[in-house]
Amino acid sequence: MPGLTAAEFADAAFDLGLLSQRQLQEIWAHFGSHAVSCDELIQLLIRRGLLTNYQIDRLMKGERTGFFYGNYKVLYLVGAGTFARVFRAVHRDTGQVVAIKVLRSRFSDNPKTTNHFLREGEVGKTLNHPNIVPIYEVGSSGNNYYIVMEFVEGHSLRDFVKIRKKVDPLQATKLMIDITNGLRHAFERGISHRDLKMTNVLVSSRGQAKLVDFGLAGMEEDEAPERSQNPRTVDYAALEQISGVEKGDPRSDIYFLGCIYYNMLIGRWPLPEPRERSQRMSKRRFIEVLPIQDVDKTIPRCVAVVVNKAMQLNPDRRYQTPSEVLFDLGLAHRELSGEAVEERELATRAADAASGTAPAKAAPTSAVMVVEANLKMQDILREGLKRAGYRVLLTSDPDRATERFELEDQLPARCVVFNAQDLGQRALAAFNRLAEMDRTAKLPAILLLDQNQSHLQGDAVTGPHRVVLTLPVTLGRLRQEIARLIAETQSAEENAGDFTLREEA
């Protein structure tokens, strides 16, 4: 609308619902007259945050659509991909800031594509995990199809790495743990990502990684891969063709998970990125990938092991599940951060004691072992229990925890806490294993179950000193339960001793 007057521009914004009557009255009161230039009006609207440059540009072009999707007002364009554009938007009533992914108009006339877009949005709504960007709403308005999701303040992982050139191994491993945790949550619900790449990982301003766009790459997988417009769709098809696995094999996600780790550590994607789709289908791209330690000999071995195993071309030699990846990432994280030192020292002392080279020493009565796969929860539990005076032994491997109670001369801890939230059946099996062994049958043990794991409670071997708690549980409640179980067990042991002495007398 070239040559618009200020009044005409204001009326257009009001008619479209971008400005309220009260806002207009305040604007005109500020000027004291309608006799101002359109530029003056626009500058004031921008300064007061009433309109954005994106909205103003569309108004000046005479556009009448694209300002609202459902109850959400578009503020500006965030990014654009093969299938959709992403906008920052705000709910017109609550003020909630969100991201809206809007299917491109060239796909909107294809019922197959629009149905896939909406279906994948609905699937995404079922994923509720801190390392997956939550989807709030899936909708359509006329010929516009959109998905409303959390707006993550931060960068895509691609931009995050571009700024830093490469990411140090410890920080890269922390981000990988976030990404893999999100992938595992989806995997356990039978959902693959199918489009793992640097731009589909968002890193929040707090340093947390979150996955986005589960399954949306599948919109083109119904077509021949060589005609796909999404390069990563072609990569998945090429990998699965080379590997001899069916489309949708979850181990394909794991391969590209390894590629993301590689990219963070080296600063570039490990596979050549030709433009020609036929070249992307070439087997040589995958065979000629340089091992990460050949590219940078300073990469720690514990990290290189994870990258190399995740990127095995033979799918049977690859990690089979995200949980397997997480276990090795946990080991790498502890080694890189020095957390493994205490465990190695304990193992050394136990070995020395068993060989007679050093006297065996009983573990402190205040030692508590925590079996927890989530590294952030490990930090919380370690600090919270230490403040209560406990010595904390941490491991992410339930089998390793039970082995220590079987093999060490002295019980390493007076209480064990198993968090099944991420470990599932493995935590339950280890919890029950302690009840089966004579030396740990009376050892205090706590099993933490998520609310959606209530079906596991019936299989747990419980008793006066063995309890199941349903999350969420406060740290204070957990400390109280640990203290109660240890005190009651110790009292029972002392009473049993007194009875024996009286009987002998």
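Tyrosine 54 and phenylalanine 87 are both buried (under 20% relative accessible area, with exposed meaning over 50% and partly exposed in between; 1.4 Å probe, protein chains only). The model is predicted, so local features need pLDDT of at least 70 and side-chain atom pairs count only at pLDDT 80 or more, whereas totals for chains, interfaces and linings use all residues. Residues are numbered from 1 along each chain as its sequence is written, and side-chain values use heavy atoms, with hydrogens and water left out.

Rings of Phe, Tyr and Trp (its six-membered ring) were paired if their centres lie within 6.5 Å; planes under 30 degrees apart count as stacked, over 60 as edge-to-face and the rest as tilted. Seven aromatic pairs were found by this rule. In one of them, the ring centres of tyrosine 54 and phenylalanine 87 are 5.7 Å apart and the planes stand at 55°, so the pair is tilted. This pair links distant parts of the chain, 33 residues apart: tyrosine 54 belongs to helix α4 (residues 53-60) and phenylalanine 87 to strand β3 (residues 84-91). Helices (H or I, at least four residues) and strands (E, at least two) are DSSP runs, numbered from the N terminus. Tyr54 and Phe87 form one aromatic cluster with Tyr69 and Tyr146.

A charge was taken to sit over a ring if NZ of Lys or CZ of Arg is within 6 Å of the ring centre and within 35 degrees of the ring normal. Arginine 58 lies over the face of phenylalanine 67, 5.7 Å from the ring centre. The charged end of arginine 466 is placed over the ring of phenylalanine 431, at 3.9 Å from its centre.
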